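Please go through the chain below with the model open beside the text.

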Amino acid sequence: MIELLERALPEGGEPRWNAGRRIALYRHVRGVHVPAHQRDHAELVYMVRGSTRHRIGGSELRLDEGELLLLGQNTPQELLPPQEDAIAVSFFLSSAFFGDILSFLGTEATPLREFVLKSLSQETPYGYLHFRVGGVRQVGNLMENLLLHLLEHPDSRRAIPLYTVGLLFVQLLEESDKLTMGIREQQTVLELLKYLERGYAGGSLTEAAELLHCDVAWLSREIKRRTGRTYTELLQERRLLQAAWLLEHTNQRISDIALAVGYENVSYFHRIFRKRFSMSPKKYRDSRSA
């Protein structure tokens, strides 16, 4: 693939947009310092070989082989001189492209879904998401497939790039432990979401604030501002999704599942489960085993 990339995509040439200007390819110039700049499109940087160093918002990060850097439009970045043998490729993604990608991400509040929503609203500046996914085979395969298709079919109007990026984003949702974010407030909310993943059956907003070394009221406002949901709504969603998984994959009694996900009042659990899934826990289990 590297030979095809070097032959088909010259270093530092004009971004090569596909039909409809929805996604473009750009190959970074090796060994060249790129001063601070901004782009009017979201940018996904894929480190094909070697590593690069980026300075974004006063902080510096290193992008290693196989990793991904997702930059919001108008996010200032400076590219420091990379290794001489480094190969990095940028995919420039239009806001229209994100409109189609959103359907892949479900309704759960995640940093990646928030990024897509902010890209649709063109809120600026946004910051970045850094996925340390070097060595994750599924991500590498999807990126290679995307690159090969765009290099071999630059004028293609087929939906292959859209579905490939959609599958990529779905895979990245599974790699949240490998994600860092470019703004402190965003990072705090990310850590809160990780806290919910671990402690959905217990825990509290107060405990989370203590662990994250921040004020409870500030954290509550920031959660609502960045996810559109309250802490209680996020907690309930996480509990109910876990309960649904247990109903589908285990033979535990429904009352035991309610307790396992944090609900001592089983009647209340039945009520909110029915509201979320439009059926009772029993019917949900039966529908999945049919």
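Which residues line the second largest pocket? They are Arg-229, Glu-233, Gln-236, Glu-237, Leu-240, Ile-272, Lys-275 and Arg-276. The elements that give two or more residues to this lining are H9 and helix H11 (266–277), and the largest share, four residues, comes from H9. Helices here are DSSP runs of H or I with at least four residues, strands are runs of E with at least two, and both are numbered from the N terminus. By class, the lining of the second largest pocket has two nonpolar, one polar and five charged residues. In this scheme Ala, Val, Leu, Ile, Met, Phe, Trp, Tyr, Cys and Pro are nonpolar, Asp, Glu, Lys and Arg are charged, and the others, Gly among them, are polar. The second largest pocket has a volume of about 180 Å³.

The model is predicted: local features need pLDDT of at least 70, side-chain atom pairs count only at pLDDT 80 or more, and totals for chains, interfaces and linings use all residues. Residues are numbered from 1 along each chain as its sequence is written, and side-chain values use heavy atoms, with hydrogens and water left out.

Pockets and cavities are found on a 1 Å grid over the protein atoms alone: a cavity is a set of points where a 1.4 Å probe fits but cannot get out, a pocket is an open set with protein on both sides within 12 Å along at least five of seven lines, and lining residues have an atom within 4 Å of a point. Grid points are joined across faces, edges and corners, and a volume is the space filled by probe spheres set on the points.

The largest pocket has a volume of about 640 Å³. Its lining has 23 residues, and Glu-108, Thr-110, Leu-173, Ser-176 and Glu-197 lie nearest the centre. Two or more lining residues come from each of helix H3 (111–121), helix H5 (160–173), helix H6 (184–199) and helix H9 (231–249). H6 gives the largest share, five residues. The lining of the largest pocket divides into 13 nonpolar, two polar and eight charged residues.

The chain as a whole has twelve helices and eleven strands. Buried residues (under 20% relative accessible area, with exposed over 50% and partly exposed in between, for a 1.4 Å probe and protein chains only) make up 49% of the 290 residues.

Glu-78 lies in strand E8 (residues 77–80). Glu-78 counts as buried because its relative accessibility is 16%. The side chain of Glu-78 makes a polar contact with that of His-33 (2.6 Å). A polar contact is a pair of N or O atoms within 3.5 Å; within protein, one must be able to donate a hydrogen and the other to accept it, and residues adjacent in sequence count only if both atoms are side-chain atoms.

In helix H7 (residues 205–212), the buried residues are Leu-205, Ala-208 and Ala-209. They cover an arc of only 100° around the axis, so they sit on the same side of H7; the arc is that of the directions from the helix axis to the C-beta atoms. Glu-210 and Leu-211 are exposed on the other side of H7. His-213, which follows H7, has a positive phi, near 60°.

There are two cavities of 30 Å³ or more. The largest cavity holds about 50 Å³ of space. Its lining residues divide into one nonpolar, eight polar and two charged, and include His-37, Arg-39, Glu-43 and Leu-71.
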